Every structure is written in C-alpha cells, then in structure tokens.
Amino acid sequence: MITFAPFRAFFEQAIKTDGNKMSRLDLKAETKLSNDTISRIFNDGNVTTETIDRLCRTYHLQLHEVIGFTDHKDAYQALLPGYAARPGFCNDRIYPHPLPAALRVHYAYPQAAGHSIMCLLAALRSDWEHANRLDHVVPLPVQYVLSVGWTVDEGWIVVDAPYQLRVQPDIEPDKQEFS
C-alpha cells in the first residue's frame, strides 16, 4: 500500500517562519489543495500524481519524503498519528534537528528514554519477523540510530544494536538526549 506517512511526519515537525507549527489551513493555503485532497493525504487515500508533485515542489521534498510503500497496512497505520498518543510518551516534543525522512514517522519522546526512534532490533529478528512487530518495537536514542545506521524492513526501522539479557538495548549514555 502507498502511504503518506513520510509526508505526515514532515508535516507534524514543520515549523513556520513565525515559530508556530504548520496547520492544515497553512497546508491548504500553501499548496492550493482542497479539503478533500488533504483529508485523503492524512488517511492514505487516493490522490493524483499532480498532488504529489505539488507537495514535492511546495515543500522542496523528494518523492520518498512524501510517500512510502508498505505491505503491512494495519501495523503501519498503528504507528500513526504517532507513538506520542501512548502512555508514557510526550506528545509536545519535536526533535530539534532535521531527521531523515525514513526516521521521521518513527520519532517519539518516551519520558524514560528521551528523543528516540522506535526500532526493531536486528539481534531479535527471529522474535519479530513473523509476529506483531508493534510488540517488539523499542525506543533507541536518535543520536545512536544516526551514528550506527539503520535499515528499513517493510516500513519498520531495524537497528543492529548491542543487546543484553533481552531486557533492553545497551546504549552509551552520551547518545541519549533529554530536553
């Protein structure tokens, strides 16, 4: 399925020049898209390639920063509108630096972990490969993910992180960020 998750992640983090978050009204004014088209974007509905082109041109985005593909519609949709709605997560946090498009939709701020990317651990692939992946997602510090790299497996971020005792990833303290 084609998903606008990368664009929604961009939109959620977009800040206008006046310092305020961008609204759907701003999106409509800047792109000249109808309310119906904007609704389809936010619900992974069908749109024309002209609409995708308009988003790319208006916000200077590459195609992969506007749309993505996943075979796992239900699991991927469970990520949206984001992890922030879950207990123990702050929904008012925005990462203070640009993130690669693939990571934006997976950004979260768990109170216990700070600025994080919600990831699957490569070391536990046998556990999550044929299971509900949401049950195996863990927060890893953004700086850690950026420093060690990641892969994308069917829309999910996978990181090869050291792991001990199946309790939690073993991440250096200097890679954790709180604000």
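Analyst: Buried means under 20% relative accessible area. The model is a predicted one.

User: Why is arginine 8 called buried?

Analyst: Arginine 8 has a relative accessibility of 7%. The cut-off is under 20%, so arginine 8 counts as buried. Its place is in helix α1.

User: What makes the pair of arginine 8 and threonine 3 a polar contact?

Analyst: A polar contact is a pair of N or O atoms within 3.5 Å, one able to donate a hydrogen and the other to accept it. The side chains of arginine 8 and threonine 3 are joined at 3.4 Å, so the distance is within the limit. A polar atom of the arginine 8 side chain also lies 2.9 Å from the backbone oxygen of isoleucine 41.

User: How do you know that alanine 5 is buried?

Analyst: Alanine 5 has 0% relative accessibility. Buried requires under 20%, and therefore alanine 5 counts as buried. Alanine 5 belongs to helix α1, which covers residues 5–13. Between alanine 5 and valine 105 there are 100 residues in sequence, while their C-alpha atoms are 6.4 Å apart in space.

User: Is aspartate 26 buried or exposed, and why?

Analyst: The relative accessible area of aspartate 26 is 17%. Because buried means under 20%, aspartate 26 is buried. This residue is part of helix α2, residues 24–31.

User: Which residues is aspartate 26 in contact with, leaving aside neighbours within four places in sequence?

Analyst: Those residues are Lys16, Lys21 and Tyr59.

User: What makes serine 23 a cap of α2?

Analyst: A side-chain oxygen of serine 23 lies 3.3 Å from the backbone nitrogen of leucine 25, and serine 23 caps the N-terminal end of the helix. Just after α2, lysine 32 has a positive phi of about 60°.

User: Which residues of α2 are buried, and how do you know that they line one face of the helix?

Analyst: Asp26, Leu27 and Thr31 are the buried residues of α2. Viewed down the helix axis, they fall within an arc of 110°, so they line one face of α2.

User: What covers these buried residues of α2?

Analyst: The cover includes α1, α3 (35–42) and α4 (49–59).

Terms used:
Residues are numbered from 1 along each chain as its sequence is written. This is a predicted model: local features need pLDDT of at least 70, side-chain atom pairs count only at pLDDT 80 or more; totals for chains, interfaces and linings use all residues. Side-chain values use heavy atoms; hydrogens and water are left out. Helices (H or I, at least four residues) and strands (E, at least two) are DSSP runs, numbered from the N terminus. Buried means under 20% relative accessible area, exposed over 50%, partly exposed in between (1.4 Å probe, protein chains only). Contact means heavy atoms within 4.5 Å. The arc is that of the directions from the helix axis to the C-beta atoms.
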